[in-house]
Amino acid sequence: MTRKDFFAKVGFGAAVALIPTCIGGLASSCSENDGSPSPAPTNVDFTLDISTGTLSSNGGFLVHNGIVVARTTAGGFLAVSASCTHQGTNVNYSAQENKFICPNHGAQFNSNGAVIQGPASSSLAQYNTQLIDATHLRVFS
């Protein structure tokens, strides 16, 4: 056996051994946790600095303490639980459509967290927002 033949066979054997692991990793990446949604946060009361970062401009959003806080294109603020009620992946905010969308299976929620498209069947918990001053936003239950 030549050196070239040896490395070709070893390389092929390693690839065959790793394929199931790679495929399993792709399949399990469909959700960010064990497939069950996290319970919505309770007793919520925190303040965010909105002078910098994604909330400093209309259309931005972030996840903080299990809650998605979004700034609408009109400049208002929304806050809902981040965990999709289908399988627990964090939802994103679509400013153009003013709704929350799960990137895994396409569940959609309106700006109040109500389901508008499955597979999720339960609403996201909604939280209150209060602009304290020009640079601070309070999010609370």
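Reader: How do strand 5 and strand 6 pair, parallel or antiparallel?
Author: They pair in the antiparallel sense, over three bridges. This is a predicted model, by the way.

Reader: Ok. Which residue in strand 6 is the bridge partner of asparagine 92?
Author: That's isoleucine 101.

Reader: What holds strands of a sheet together, in general?
Author: They pair through backbone hydrogen bonds, either parallel or antiparallel.

Reader: Switching topic: where is asparagine 98?
Author: Asparagine 98 is in the loop between strand 5 (92–94) and strand 6 (99–101). Its phi is near 50°, which is positive even though the residue is not a glycine.

Reader: Which two residues does the cis peptide bond join?
Author: Glycine 118 and proline 119, with omega about 25°. Proline 119 lies in the loop between strand 8 (115–117) and strand 9 (128–133). Most peptide bonds are trans.

Reader: Now salt bridges. How many are there?
Author: The structure holds two. One of them is between aspartate 45 and arginine 138, where the closest N and O atoms are 2.9 Å apart. That pair links distant parts of the chain: aspartate 45 is in strand 1, arginine 138 is in strand 10 (residues 136–140), and they're 93 residues apart.

Reader: Is arginine 138 buried, partly exposed or exposed?
Author: Partly exposed, with a relative accessible area of 25%.

Reader: And which residue does lysine 99 form a salt bridge with?
Author: Glutamate 97, with the closest N and O atoms 3.3 Å apart. Lysine 99 counts as buried at 13% relative accessibility, whereas glutamate 97 is partly exposed at 48%.

Reader: Why does 13% count as buried?
Author: Because buried means under 20% relative accessible area, and lysine 99 is at 13%.

Reader: Got it. Which residues touch the most other members in the largest nonpolar core?
Author: Cys84, Val91, Phe100 and Phe109, out of 15 residues in that core. Strand 3 (67–71) and strand 4 are the elements that give two or more residues to this core. There's also a second, separate core of twelve residues, including Phe46, Leu55, Ile67 and Leu137.

Reader: What is cysteine 84 in contact with, leaving aside its neighbours in sequence?
Author: Beyond neighbours within four places, its contacts include Val91, Cys102, Phe109 and Leu124.

Reader: Last one: where is serine 81, and is serine 81 buried or exposed?
Author: Serine 81 is in strand 4 (residues 77–81). Serine 81 is buried, at 5% relative accessible area. Leaving aside neighbours within four places in sequence, serine 81 has contacts that include Ala40, Ile67, Val91 and Tyr127.

Notes. Residues numbered from 1 in each chain as written. Predicted model: local features only at pLDDT ≥ 70, side-chain atom pairs only at ≥ 80, totals over all residues. Heavy atoms only, no water. Helix = DSSP H or I, 4+ residues; strand = E, 2+ residues; numbered from the N terminus. Buried < 20%, exposed > 50% of the residue type's maximum accessible area, 1.4 Å probe, protein only. Contact = heavy atoms within 4.5 Å. Pairing = 2+ DSSP bridges. Core = buried A, V, L, I, M, F, W, Y, C linked by side-chain atoms within 4.5 Å. Salt bridge = Lys/Arg side-chain N within 4 Å of Asp/Glu carboxyl O.
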